Amino acid sequence: MSTNDLTDNPGTGTPLPPQTRLVGPADAARYDSRFSALASGTMSSAMRDLMAITERADIISLAGGLPDTEAFPREIYDDIAADLGRDYLASALQYGPTDGMLELREHVVNIMAEEGARARVEDVMITSGGQQAIDLSIRTFVDRGDTVLAEGPTYPGAVPCFTAYGADVTHIPLDDDGMRIDLMEEAHARLVADGRPPKILYTIPNFQNPAGVTMSLERRQRLIEFAHANGLLIIEDNPYGQIRFEGDPLPTLYELDDGAGWVVYLSTFSKILAPGIRVGWVVAPPAVLRKMNLGKQAADLCSSTFTQRFVTEYLKRNDYRDHVARLNGIYRGRRDTMLQALEARFPSTATWTRPRGGLFVWATLPDYIDTKHLQARALERHVAFVPGEAAFLDGRGRSSMRLNFSGVSESLITEGIGRLGEVVSEFCSLHDALNPGRS
Ligand SMILES: Cc1ncc(COP(=O)(O)O)c(C=O)c1O
């Protein structure tokens with residue numbers, strides 16, 4: 001073997017041992033026939049693809065769903081991390097129960113009570129982020145080809161779960177009052193008549209990702225009545241319920257279900273504490289939770305005991321609501337700044353939502369603009385957003401975009417929306433020049 005066969009280990013500069021050859025793109029065909037249907041069918045989340053770009057310091061990222069790490073209570077986190085090392089190292093480094101640490105599940109019950117939902121500790125399972133709760137829910141109920149109802153647009157991170165398990169998703173349109181329950185009922189009736197009744201309905205009633213809208217009380221009640229009358233199982237995903245800038249909290253679907261067992265509830269500490277800890281939860285009736293527990297055993301045995309202990313200590317020592325109130329103050333200012341910048345810098349043909357909480361605005365441009373193409377031009381100007389198509393499984397959403405206002409400062413929001421507005425205006429002018437007399 002010549003010295004040319006020695007390839008540096010990328011990133012470390014350490015020479016690889018002589019027998020090692022790096023497998024390159026040319027070798028890809030070797031694996032194609034071996035990939036499972038699940039791996040072949042899974043689409044990447046557009047957000048994850050964008051994360052690599054948006055990590056760059058020179059990009060103003062309106063793409064992520066990132067809480068502002070500057071808002072984290074740094075000293076408190078420091079203290080807890082030090083105490084974990086001193087007092088809890090053995091338990092925090094050991095395997096734990098699949099359904100999570102009892103003490104943390106008790107805190108989860110109290111947090112849910114803050115939102116008016118009475119859960120029993122035995123119905124709670126800790127998950128590795130809210131994302132795992134979605135994955136386990138879909139894997140528990142959906143076989144390839146099964147029908148599922150979801151808002152359109154839906155959470156872009158749920159899209160790879162739906163595609164992985166082969167869900168046939170019917171999107172239900174939204175307006176300012178959340179999912180159009182009348183249209184959901186029509187879609188449900190069509191699918192039932194077709195002999196393909198929906199297995200589940202997935203919804204984010206509060207400050208929806210990506211649309212930012214909230215389901216009205218009247219629609220929540222109608223949805224629950226429909227679920228009870230028709231045996232429709234609802235997966236309620238609620239990461240943003242507490243990220244509220246105005247208005248009174250509305251009851252969760254879980255609460256309105258009143259123990260009837262037609263709602264599986266999902267949430268996460270990612271948005272109220274920190275996403276890096278990867279701690280979320282699911283609340284489900286015992287028979288469902290048993291199946292989810294088996295799915296979790298297969299996936300990761302248990303969620304990190306280290307971060308579960310971290311969250312438990314945080315909740316024991318602090319009133320997390322103070323932290324959330326502080327976050328909400330910061331995000332409210334950023335939301336206002338984004339809405340003002342959109343008003344000032346986007347053309348009058350664009351529309352957008354006005355969220356009363358959460359992290360996102362959903363903007364829609366004239367339908368001749370494909371936001372995927374716009375994105376390439378925006379990245380040249382060092383601004384990123386999520387193209388609307390990422391929030392649909394049927395190719396819709398092409399002229400929409402998701403804009404995040406929590407992750408960057410107000411001045412960067414103004415700058416970023418300004419640059420985006422210029423790109424949008426250029427597309428509009430080009431279209432007008434090519435189509436004189438038509439708008
Ligand atoms: C609606 C929704 N569900 C679930 C998640 C995933 O949460 P986690 O980061 O805890 O996995 C997110 C994250 O953005 C979300 O917006």
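Reader: Is S270 buried or exposed?

Author: S270 is buried, because 20 other C-beta atoms lie within 10 Å. A residue is called buried if 20 or more other C-beta atoms lie within 10 Å of its own, exposed if 12 or fewer, and partly exposed in between, with C-beta atoms placed from the backbone. This is a predicted model, in which local features need pLDDT of at least 70 and side-chain atom pairs count only at pLDDT 80 or more, while totals for chains, interfaces and linings use all residues. Residues are numbered from 1 along each chain as its sequence is written.

Reader: Where is S270 found, and what does S270 touch?

Author: S270 sits in the loop between β8 (263-268) and β9, where strands (E, at least two residues) and helices (H or I, at least four) are DSSP runs numbered from the N terminus. Leaving aside residues up to four places away in sequence, S270 touches G129, G130, P239, P275 and G280; a contact here means that the C-beta atoms of two residues, placed from the backbone, lie within 7 Å.

Reader: What's the strand order in the open sheet?

Author: The eight strands of this open sheet follow the order β2-β9-β8-β7-β6-β3-β4-β5, and their pairing is mixed. Two strands count as paired if DSSP finds at least two bridges between them. At the edges stand β2 (124-127) and β5 (178-179), each with a single partner strand, so one side of each has no neighbour in the sheet.

Reader: And what about β6, which strands does β6 pair with?

Author: Strand β3 (residues 147-152) runs parallel to β6 and is joined to β6 by three bridges, with V148 standing opposite I200. On β7 (residues 233-237) the pairing with β6 is also parallel, over four bridges, and there E236 is the bridge partner of T203.

Reader: Which residues of β6 are buried on each face?

Author: I200 and Y202 are buried on one side of β6 (residues 200-203), and L201 and T203 are buried on the other, so both faces are covered. In a regular strand the side chains alternate between the two faces of the sheet.

Reader: New topic: how many residues are in the largest nonpolar core?

Author: The largest nonpolar core has 111 residues, and V148, F162, V282, A363, F385 and L403 are those with the most contacts inside it. Such a core is a set of buried Ala, Val, Leu, Ile, Met, Phe, Trp, Tyr and Cys residues joined through C-beta atoms within 7 Å. Domain 1 (46-72 + 322-434) and domain 2 (95-317) both give residues to this core, so it lies between them; the domain bounds come from an automatic or database domain assignment.

Reader: How many residues of each domain are in contact, and which helix gives the most to that side of domain 1?

Author: In domain 1, 30 residues are in contact with 29 residues of domain 2. Helix α14 gives the most to the side of domain 1 that touches domain 2, with six residues. The centres of the two domains, taken over C-alpha atoms, are separated by 26 Å.
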